[in-house]
Amino acid sequence: MFSFELLLEAILFGVLLGCFYAAVSIGLSVSFGLLDVPHVAHPAIMVFGAYCTYLLGTYGFDPIVAGIVLMPVFFLLGVGVYRFYYESFEKRGTEAGVRGLAFFFGIAFIIEVGLILVFGVDQRMVQAPYIGTSLSLFGYRIPYRLVVAFGVALVLTAALTVYFSKTFLGRAIKAVAQDEPALRLMGANPVRIKQWAFGIATGVSALAGAMLIIVGPVEPALDRLYIGRTFCVVVLAGLGSMTGTLAAGLILGIAESIVLTLFGASWAPAVAFGLLLIVLGIRPQGLFGR
Amino acid sequence: MKLHRVIPTALAAAALLFSGVAAAQQPVKIGMSMPQTGSLGAGGKAALLALQMWVEDVNAKGGLLGRKVEFIAYDDQTNPALTPGIYTKLLDVDKVDLLIAPYGTVPTAPIMPLVKQRDLLLMGNFSFQVNRTVQHDKWFNNAPWNNAESWSAGFIGTGQKLGAKSIAFLAADQEFAQNLANGARELAKKAGLQTVYNQNYPPTTVDFSTMIRAIRAAKPDIVFVMSYPNDSVAIVRAVNEIGVGDSVKLFGGGMVGLQFTPIMESLGSSLNGIVNYNSWVPGIQYPGIEEFLKRYAKRAAEAKVDPLGFYLPPFNYAIGQMIEQAVTATKSLDHKVLADYIRKNEMKTIVGPIRYGPDGEWANPRVVQAQFRGVVDKNVEQFRDPKKFVVLYPDTFKTGDVIAPFEKARGK
């Protein structure tokens, strides 16, 4: 049964859900969008981050604090992974880059199996005052966990946008995405810059992993659920656009929520790829791509 | 008799004798796939442990027909696309003698045509109505239900006793939940309940807040949820955060996962008030079940699987007991002979005596509907207390009356 109030609620929850989608996609926006690395292990790294958050939670860490603490560790992990990928695949040309896709699938598989071996197949959750409680606002009850995801997505988007536009290294990362040979001619080392950027993408994934386990329980194979959605958000946004990623996440979240409310939940998964097809048909470079 | 005639005869006799010995020493192979990863992995691993315990027990007694039992189990990752290939391998490469179905409806459904075509005995494993259309005469399910009514009648009947006039359905868009939902909708219609919300959701759903809000807006008296473990957790959380409204008298019914200890422990007090199906809860007495659960608890701690194991493990051990009883009684591994025996005889198991109906489901279903009461956070051991599961249905096991409305039962 349709009502204006229900539609408003659908939009409100769509915004929250969309911000969550943006938060889990923004790392991929850097690694795949800017660096052109076929990083299909991005959701698996996020799930790994979620499990690390769970582990720190057993020592009394708040999930958000755990996510922040994990960021530098994951940054170093990302630097190492990119170096290995570069030496083994990217350096050897385009064909080797395609084989890199298999490399990242392999990483995702190793993470999944490793998590099963260490934690088992049971779902894991974390406890925090903002999980399982809600905020009453104008008669609506909004889960705090989604409000947290909303806040984290905004902070990440703002921080990365400022970093990529105002700092030397950030601009160098954007430059390497646009014209790598030109950057090399300027005397900069594109590999080290990409390594740094991949580290940032992986560090951000740690915080996104914390969001993942705040929003819902995680299990080792959860990454499979997010591969399609995260790539959809990044491509919809226009590769490499941070504000675009937030906007694409919002569009996806609101569209899913409205479709779910008005037409039924079975249609919701079709929204992401339906939107992607339409946008790519009209604007092949994505909504915010140049 | 000349020597050149005696020697080949003696050699042939010796060869025959040794081949007979070799055959007698060959193990009885029992094969299956089990979800050990994916959404049913947690339950699957616990169930697998129970089956391994039965294999150890039966081998300690000398095996089946004097042969050791060899158990072969592959991980199907809760992926129905993998099970037909696994069962073909079990039959054609591993050459198993007997088959057990994987845990769950979704992984089992795709292998039904294969076992029907090859006319094989298949011991079912907590699937729901997978044989309804296939009508295989060598199918025997270990789950304590038969048709959709046997599952939903207790829940809907409890709602009717509370004076419910309307119902909302929330069901996962896959085989198990849809089979259950279709039957429950028919039953609700017969009971004169008005359906005010009817939603199927895809298995990829991340958040259920929107659906819970829509249910609250529809103001139903009963909310019948048919979900898989990951979804069940997300639904309980969303209900806890948003609330389903004061109109709801009864919530739950067919939520898979709320029987698994890690999930019960994690959700803790959020479970209070939910009325949900169970296969067994503490307080229900069957000969041998308590002793089995004590042994299981020790093994589960070592294997890091469901520490309590109320839901699947006893019923999986029962599969082994049924195979053992049938093979011992008939002294045969012939599938037709075994199926005839299981169909005609009462099977004695740790989950009580089982008699099968013509469709290979329990002739006398025993689906328990129990309400979570007084559950606190972060305490596994509390679930050994029968007071945490107040049995509302069936009457033979009833330990109390339902507390309604739902918000009151939750203590909110």
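Domain bounds here come from an automatic or database domain assignment. For chain B, that assignment gives domain 1 (22-144 + 286-354) and domain 2 (148-278 + 373-409). The centres of domain 1 and domain 2 of chain B, taken over C-alpha atoms, are 29 Å apart.

This is a predicted model, in which local features need pLDDT of at least 70, side-chain atom pairs count only at pLDDT 80 or more, and totals for chains, interfaces and linings use all residues. Residues are numbered from 1 along each chain as its sequence is written, while chains are lettered from A and ligands numbered from 1 in the order in which they are written.

**Between the domains of chain B**

Two residues are in contact if their C-beta atoms, placed from the backbone, lie within 7 Å. By that rule, 14 residues of domain 1 of chain B touch 17 residues of domain 2 of chain B. On the domain 1 side, α2 (41-60) and α4 (105-108) of chain B each supply at least two residues. Helices (H or I, at least four residues) and strands (E, at least two) are DSSP runs, numbered from the N terminus. The domain 1 side has eight nonpolar, five polar and one charged residues. Ala, Val, Leu, Ile, Met, Phe, Trp, Tyr, Cys and Pro count as nonpolar, Asp, Glu, Lys and Arg as charged, and the others, Gly among them, as polar.

**A sheet in chain B**

Seven strands of chain B form an open sheet in the order β7-β6-β8-β9-β10-β13-β14, with mixed pairing. β7 (194-201) and β14 (389-393) of chain B stand at the edges with a single partner strand each, so one side of each lacks a neighbour in the sheet. On average, neighbouring strands are turned by 25° against each other, direction ignored. Axes are lines fitted to C-alpha atoms, for helices over the stretch in contact, and angles run from 0 to 180 degrees between N-to-C directions. Helix α9 (residues 229-242) of chain B lies across β6, β8 (222-227) and β9 (250-255) of chain B, at about 145° to β8(B).

Two strands pair if DSSP finds at least two bridges between them. Two pairs, one from each chain, are set out here.

| Strand pair | Sense | Bridges | A bridge |
|---|---|---|---|
| β6 (166-172) and β7 of chain B | parallel | seven | S166(B) with Q194(B) |
| β1 (134-137) and β2 of chain A | antiparallel | four | L135(A) with I142(A) |

The chain A pair, β1(A) and β2(A), is a hairpin with two residues between the strands. F138(A), in the turn, has a positive phi of about 50°.

Helix α8 (residues 190-215) of chain A has 26 residues and should span 38 Å at 1.5 Å a residue; its end C-alpha atoms are 37 Å apart, which agrees. The expected span is 1.5 Å times one less than the number of residues. In α8(A), 22 of the 26 residues are buried, so the rest of the structure largely encloses this helix. Buried means that 20 or more other C-beta atoms, placed from the backbone, lie within 10 Å of a residue's own.

Helix α11 (residues 289-303) of chain B has 15 residues and reaches 20 Å, close to the 21 Å expected. Its buried residues include F292(B) and Y296(B). Cover for the buried residues of α11(B) includes α2 and α12 (313-330) of chain B. Just after α11(B), K304(B) takes a positive phi of about 55°.

Technical notes: Buried ≥ 20, exposed ≤ 12 C-beta atoms within 10 Å, placed from the backbone.
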